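Student: I'm new to this one. Could you take me through a single part of it, slowly?

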Amino acid sequence: MEKPFKRRDLLGIRDLSAEEIKGILDTAENFREINAREIKKVPTLRGKTVINLFFENSTRTRTSFELAAKRLSADAVNISISSSSVAKGETLIDTALNLDAMSPDCIVVRHGSAGVPHQLAKVSKAAIINAGDGTNEHPTQALLDAMTIREHKKKIADLEVAIVGDILHSRVARSNIQLLTKLGARVRVAGPKTLVPDDFQYLVEKDLIVCKNIEEAIEGTDVVMILRIQKERQDSAYFPTLREYSIHYGLTHERLNLAKEDAIVLHPGPMNRGIEIASDVADSSRSLILDQVKYGVAVRMAVLYLATGGTASSE
Amino acid sequence: MADEYNLIEKAIIMDSARMKRALSRLASEIVEENQGAKDLYLVGIRRRGVPLAERLFNKIEQLEGEKPLYGIIDITLYRDDLSTVGANPIVNKTELATDIEDKNIILVDDVLYTGRTIRAALDQLMDFGRPRKVKLAVLIDRGREHRELPIQADFVGRLVPTKQTEIIKVMLKEFDDREAVGIYEIPNQ
């Protein structure tokens, strides 16, 4: 069966042109209205099957993809690691081939290793959507972040965006850096030296600055994006203690005041209150964390629609 | 669009003045039937139904001194040919700001042909609530013999019996370089 998505899969922001990104965002914009209706369902993907194949824990992303599929009337099946035959020793490719034999139209995959969606795309007839692969990419997160920024700043080009925290392990940062620079924003990154490699600039050709500290990164920015400190990586000693991290890199009102007066705060969640972000900042009107979650459903509806045959909207 | 497919123009059946007169008559018929503008809700079907609904809105306001309600419907997500059409149409917003519950809806479109667009619009309307009545107003009705569903128009600007090989184009200044309705034919058929 031929796949109608011009770019049959969504594996990463890296592969997309600025026009394609704008096309997805414009399409998502038009899907937002459905989520505000009383009956939040349209028959568009009736009869299509979407498999959410999650090898890593996730509440937000999996729920968001599931709701997106269901609001488009697709049948959504969730498979998580604990209930899959991977636990019984099946290889990734065999799992994919077995799922493929049941003719899904789309497989949404999250895995702890980079490149898994790309491997699946080679063997599967279904459209593959990357819902996070290791430290590589998380394209739909970057798209919903962009949608949130666009909604509040009315543009992305020429904005100054600071990304603070564990850049090294962050697929969210990698996808966001690529997307934002492709759409003409300038990105600064900051965090403990162990988590923000000096050579991070290799990722994009331009418009990325590695800053020495959080203050330098935040000063005069339009958007402050705070990353989650991955407590599960704490035994690797990237920084001495969580408390010390919080003192040097936590986002407080005092630090946020260095940004532009109308700067907005984003966090991909789940957040550690009092560590990377102070509770009062997270709950302030400048924080758009819940908007991000809201737009996430619209973005994933757009991505599913496009992956299973739709054409992107344009302004 | 005519140029894209190298369509051959067979006849221009309505010019700007005739379109205006037809719309004026439609507006009169609609308010006469509805006995005024009360609870009247014009819903334009994207794309060409939208400017037509706007024009009917203005004419009804002139006639009655009262504004009817107004909305826009995009049927893309309700099409029945999503899996068969190669490149799917682009999704646009549906804008029904006012609740449709218990309203007298007039769906407005440029051309009534197979009836499938209207089926999609009706399905979508029902997902928004329970209108008291739904009626259909079109500028051009291509004739019952083309219908693939039991759907007919209540208000018709002009009945134009056509062959299946012919194409009716309603050109509006909002989208095209002129205002006219023409019959076209695809070459070599």
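Student: Which strands of chain A form the open sheet, and in what order?

Tutor: A quick word on the model, which is predicted: local features need pLDDT of at least 70, side-chain atom pairs count only at pLDDT 80 or more, and totals for chains, interfaces and linings use all residues. Residues are numbered from 1 along each chain as its sequence is written, while chains are lettered from A and ligands numbered from 1 in the order in which they are written.

Now the sheet. In chain A, five strands line up as β7-β6-β5-β8-β9, with parallel pairing. Strands here are DSSP runs of E, at least two residues, and helices are runs of H or I, at least four residues, numbered from the N terminus; two strands pair if DSSP finds at least two bridges between them. At the edges stand β7 (208-210) and β9 (264-266) of chain A, each with a single partner strand, so one side of each has no neighbour in the sheet. From one strand to the next, the twist averages 20°.

Look at one pair: β5 (residues 160-164) and β6 (residues 186-190) of chain A run parallel, joined by five bridges. E160(A), for instance, has R186(A) in β6(A) as its bridge partner.

Then find helix α6 (residues 171-182) of chain A, which packs on the sheet and touches β5, β6, β7 and β8 (223-226) of chain A. Touching means contact: C-beta atoms, placed from the backbone, within 7 Å. The direction of α6 makes about 155° with that of β6(A); axes are lines fitted to C-alpha atoms, for helices over the stretch in contact, and angles run from 0 to 180 degrees between N-to-C directions.

Definitions and conventions. Two residues are in contact if their C-beta atoms, placed from the backbone, lie within 7 Å.
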